Amino acid sequence: MGPNGCGKSTLIRTLAGLQQPIEGTIPKKDERTVAVVLTDRIQSPHMTVSELIVFGRYPYLGWDLKLSEKDKAIVNECIDVVRVRHLIDKKINELSDGQMQMVMIARALAQDTPVLLLDEPTAHLDLNNRLEIMNLLRKLAREKNKAILLATHELDLALQTADSVWLANGNSIKKGAPKISFSMDHSTKCSSLKVMI
């Protein structure tokens, strides 16, 4: 978390190997290790939602690019988990920004990697879908033993679902477990909400 321009997206892209680090090195990764969801919109007007989600399985396919029954089962499970079954026959240029975000998350899940990096995964989503995605990511981390790092401006949702929060401010990062405390000053009848990291 942090203000615009503090480097959240840069960190995600660097960890994903999409850009060079400013200093130091990042171990080499492949598409079976890290899946990434960025905010960039895919420009392929004739591609269907189903075809885009199937792209998540490409690192596992042979030279003939034929989906196995296991690949199909994983794709179908991801479609159902993210609840985009009603969209699978649509062209991706027919989707709203929120629908596209859900589809991109389904594609990343279909990639079935131990690490999932997401840049603003709840952007463009309504409140119900924001809650659903954050809870889904928490469930995946717990039940599928995935390491999930996401950049977000959703302070309330991050505090409810994250195991750890990194708060970027200028050139420093504070890290810690999210804690919320609520207090009431009875003399002024004012309440305050404090977020501790």
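Predicted model: local features only at pLDDT ≥ 70, side-chain atom pairs only at ≥ 80, totals over all residues.

Reply: Residues are numbered from 1 along each chain as its sequence is written, and side-chain values use heavy atoms, with hydrogens and water left out.

Me: Is Leu-136 buried or exposed?

Reply: Leu-136 has its place in helix H5, residues 127–143, where helices (H or I, at least four residues) and strands (E, at least two) are DSSP runs numbered from the N terminus. Buried means under 20% relative accessible area and exposed over 50%, with partly exposed in between (1.4 Å probe, protein chains only). Because its relative accessibility is 10%, Leu-136 counts as buried.

Me: Which residues does Leu-136 touch, not counting residues up to four places away in sequence?

Reply: Contact means heavy atoms within 4.5 Å. Val-81 is 55 residues from Leu-136 in sequence, yet the two are 8.1 Å apart in space, C-alpha to C-alpha. With residues up to four places away in sequence not counted, Leu-136 touches Val-81, Val-82 and Leu-109.

Me: Within what arc do the buried residues of H5 fall, seen down its axis?

Reply: The buried residues of H5 are Ile-133, Met-134, Leu-136, Leu-137 and Leu-140. They line one face of the helix, because, seen down the axis of H5, they fall within an arc (taken from the directions from the helix axis to the C-beta atoms) of 155 degrees.

Me: Which exposed residues does the face of H5 turned away from its buried side carry?

Reply: What covers the buried residues of H5 includes helix H3 (69–81) and helix H4 (97–110). On the face turned away from that buried side, the exposed residues are Asn-128 and Glu-143.
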